[in-house]
Amino acid sequence: MFSTKVSNLKRDKIFLSLFSVALSLYIAFSCTYFAGAAQSVREDVVRLHILANSDSEKDQNIKLKIRDALLEKNTLILSDGVNQDNAVEYFELSKDELLETARGVLRENGFDYDVKVYLEKEYFETREYGELIFPAGEYTALKVVLGEGKGRNWWCVMFPPLCVPAADDIEVKNNTEDYLTDSGNEIVNGGKKYVIKFKLLEVYEGLKNSIRNS
């Protein structure tokens, strides 16, 4: 009887060990796949990041007017020839036109401070926009700094062209499948089923960003 119990115990330990190894391999493979898909999203997306001059009501209102004007201009000049491979180059070539658009809105509304428009690599935390979720990490961002740039910011996705101007708010067009990889599109539209992986990735990317900036 004792011998049988020992044998069963050894068998259970072996089973648990094999199960733990299999589970670890599954988690490692799954997270590696997820991390790779997240990286493809970061490489294919250009964010729009607007910083208001201040938190005053008038500065926040003009920020939103400039937001709408830039998104409308982007919709007009974004051609079918722009894709993941040349999107950054497109915005590099178009940033002066977008700068003049922003300046025009400021002048039309009686503001005397200037605006800066430039591209840079910027760290973003995991962000939800409607039903879409973008993983944490470093993205190329079209950054728009109004005046001193000390007010609340606003962000969206400039490429793929997901956000379009609307009368009262911003509508999100869900056409990610046209621009992202299959795996990237899957996690961006994955919703809550990836919530734990998004959290783990955010911790990892946050630590990496802290080390990079230390």
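The protein chain exposes about 12400 Å², of which carbon and sulfur atoms supply 54%. The model is a predicted one, and of the 214 residues in its protein chain, 44% count as buried.

**Overall make-up**
- The secondary structure of the protein chain comes to five helices and eight strands, and from the N terminus on these elements run in the order α-β-α-α-β-β-β-β-β-β-β-α-α.
- Among contacts in the protein chain with a separation of 6 or more, 70% are between residues 24 or more positions apart.

**Helix α3**
- Helix α3 covers residues 87-108, and because its 22 residues should span 32 Å at 1.5 Å a residue, the 30 Å between its end C-alpha atoms agrees with that expectation.
- An α-helix has 3.6 residues a turn, so residues three or four places apart point the same way.
- After α3 comes Gly110, whose phi is positive, near 80°.

**Salt bridges**
- A search of the whole structure finds ten salt bridges; side chains of opposite charge can pair when their charged atoms come close.
- The side chains of Glu120 and Lys143 meet in one of these, at 3.1 Å from N to O, and because Glu120 lies in strand β2 (residues 115-124) and Lys143 in strand β5 (residues 137-146), the pair ties together parts that are 23 residues apart in sequence.
- Glu120 is partly exposed, with a relative accessible area of 27%, whereas Lys143 is buried, with a value of 12%.
- Lys143 also meets the side chain of Glu122 in a salt bridge, at 3.5 Å from N to O; this pair links distant parts of the chain, with Glu122 in strand β2 and Lys143 in strand β5, 21 residues apart, and both residues are buried.
- Asp68 and Arg67 form a further salt bridge between their side chains, at 3.1 Å from N to O, and Arg67 is buried, with a relative accessible area of 7%.
- Glu100, Arg103 and Asp114 are linked in a network of salt bridges.

**Nonpolar surface patch**
- Val195, Ile196 and Leu200 make a nonpolar surface patch of about 290 Å².
- Leu200 lies in helix α5, which covers residues 195-213, and counts as exposed because its relative accessibility is 52%, the cut-off being over 50%.

Technical notes
Residues are numbered from 1 along each chain as its sequence is written. Side-chain values use heavy atoms; hydrogens and water are left out. Helices (H or I, at least four residues) and strands (E, at least two) are DSSP runs, numbered from the N terminus. The expected span of a helix is 1.5 Å times one less than its number of residues. Buried means under 20% relative accessible area, exposed over 50%, partly exposed in between (1.4 Å probe, protein chains only). Contact means heavy atoms within 4.5 Å. Accessible areas come from the Shrake-Rupley method with a 1.4 Å probe; for residues, only the protein chains shown count as cover. Patches are made of residues with over 30% relative accessible area and no salt bridge: like charges are joined within 9 Å, nonpolar side chains (Val, Leu, Ile, Met, Phe, Trp, Tyr) within 5 Å. A salt bridge is a side-chain nitrogen of Lys or Arg within 4 Å of a carboxyl oxygen of Asp or Glu.
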